[in-house]
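Please keep the sequence and the structure in view while reading.

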Amino acid sequence: MSAFPTDKWVPPHMAALDGYHAVEPVASGPGVLKMDLNECQAPPSPRVLAALRAAVAEDATLNWYPNSACTALRRSLGRYLNVPAEFLLVANGSNMAMELIARAFLTKDDPVLIVTPVYAVFSVQCKLQQARIESFQFSKPFAPDFQELLAKGGTHKIIYLANPNNPTGVGYPRDRIRALLEKRRDALVVLDEAYVEYYGESSVGLTETHPNLLVLRSFSKAFSLAGMRCGYVVAQPAVLDILARVLAPWAVSSLTQVAAHAAVEDLEYMRKTVAECGRARHQVVDGLKGLGFVVHNTQANFIIWQVHEPARAVQALAARNVYVSNKDSVPQMKGCLRVTMGNGEQTQRFLGIVQELRAEGLLEP
Ligand SMILES: Cc1ncc(COP(=O)(O)O)c(C=O)c1O
């Protein structure tokens, strides 16, 4: 096989790009505690599964392209969020929405501000557009003083932040987001609300009065549909019109639309799993604190757990079929593991295993 001439074909910024390294999911199943990727631990609503079964049974439909505008889904989302359907654009996961935003609005050397530590895909997309990235850090990441961000000067085309944030799990009140939008009318504010169902306070309503706000939402967390790949943007129609120019035609598969639509029509199920996750989070925080660990409770579906030797802890847990995410190398997250919360039964098993590893000296605060 002759070698591919990278120098000849790959632009320098692509050659230098360290893309997003998606962790391959470990096989879930009995005996495995899959607490690494912040997916919902509960399966999708039975109504989603029934709708998918029915859609597949009607075998005359999959040979046709799907409804490109995702009309039924946008209508049901509009009712859920109390925004007009024209304020919604659906994509294959909020990751794809991030890509659309970067491609539509950023060109070489555009300055962007990313509130960090945060989900790494923002910076990957900005680098692809050769934007100039400035990172902003709160002095206390787990108890941020939002005034620090409001006081930040400079010119930025986009300001990126996640609410609640991943990986700190901190939620910023809506009045703080409103203050940012008003202070920084010169910038587009991309607000990633992938975990907002766990937090409870969304800023989507601010899109009506603030043309510079783009809110990203996901079906991968509270709606238990990470495998279907569905997310959406909430923004004014003029903003979405630009994004739609970048979106591939028929981007969202018909089965994805069926599943997401059925999920939004069963909010009771989603709210039940969110409540269950909240109870599990409190139990785990109390349990780990009882074992002498420093733990940060969050406003999302995970907790942040400080351990003495994170790599060794991750290994010891994996040997017991418990998978968590090591955030030790992320700035301001030294010694931190991120652990996705599930239900009561998983909580008891998780705490039991931690207790055993602690007794064996394999896990230390
Ligand atoms: C802040 C944040 N945004 C977006 C995503 C991914 O969302 P999606 O699955 O909709 O692409 C994640 C996944 O972990 C996340 O943490």
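Phe219 and Phe223 are both buried, where buried means under 20% relative accessible area, exposed over 50%, and partly exposed in between, with a 1.4 Å probe and protein chains only. The model is a predicted one, in which local features need pLDDT of at least 70 and side-chain atom pairs count only at pLDDT 80 or more, whereas totals for chains, interfaces and linings use all residues. Residues are numbered from 1 along each chain as its sequence is written, and side-chain values use heavy atoms, with hydrogens and water left out.

**Aromatic rings**

The structure holds twelve aromatic pairs. In one of them, the ring centres of Phe219 and Phe223 lie 5.1 Å apart with the planes at 45°, so this pair is tilted. Rings of Phe, Tyr and Trp (its six-membered ring) are paired if their centres lie within 6.5 Å, and planes under 30 degrees apart count as stacked, over 60 as edge-to-face and the rest as tilted. Through such ring pairs, Tyr80, Phe219, Phe223 and Tyr232 are linked into a cluster.

**Core and domains**

The largest nonpolar core has 116 residues, and those with the most contacts inside it are Tyr160, Leu161, Leu214, Phe219, Leu288, Trp305 and Phe350. Such a core is a set of buried Ala, Val, Leu, Ile, Met, Phe, Trp, Tyr and Cys residues joined through side-chain atoms within 4.5 Å. Helix α12 (residues 267–290) supplies the largest share of this core, nine residues; helices (H or I, at least four residues) and strands (E, at least two) are DSSP runs, numbered from the N terminus. Because domain 1 (23–43 + 268–359) and domain 2 (46–265) both give residues to the core, it lies between them.

These domain bounds come from an automatic or database domain assignment. The centres of domain 1 and domain 2, taken over C-alpha atoms, are separated by 25 Å, and 25 residues of domain 1 are in contact (heavy atoms within 4.5 Å) with 27 residues of domain 2.

**Single positions**

Ser76 has its place in helix α4 (residues 71–81) and is buried, with a relative accessible area of 2%. Leaving aside residues up to four places away in sequence, Ser76 touches His261, Val264 and Glu265, while its side chain reaches the backbone oxygen of Leu73 at 2.9 Å. A polar contact is a pair of N or O atoms within 3.5 Å; within protein, one must be able to donate a hydrogen and the other to accept it, and residues adjacent in sequence count only if both atoms are side-chain atoms.

Thr298 is placed in the loop between β9 (294–296) and β10 (302–306), and at 4% relative accessibility Thr298 counts as buried. A polar atom of the Thr298 side chain lies 3.0 Å from the backbone nitrogen of Ala300.

Is Lys140 buried or exposed? Lys140, in the loop between β4 (132–137) and α7 (146–150), counts as exposed because its relative accessibility is 56%.
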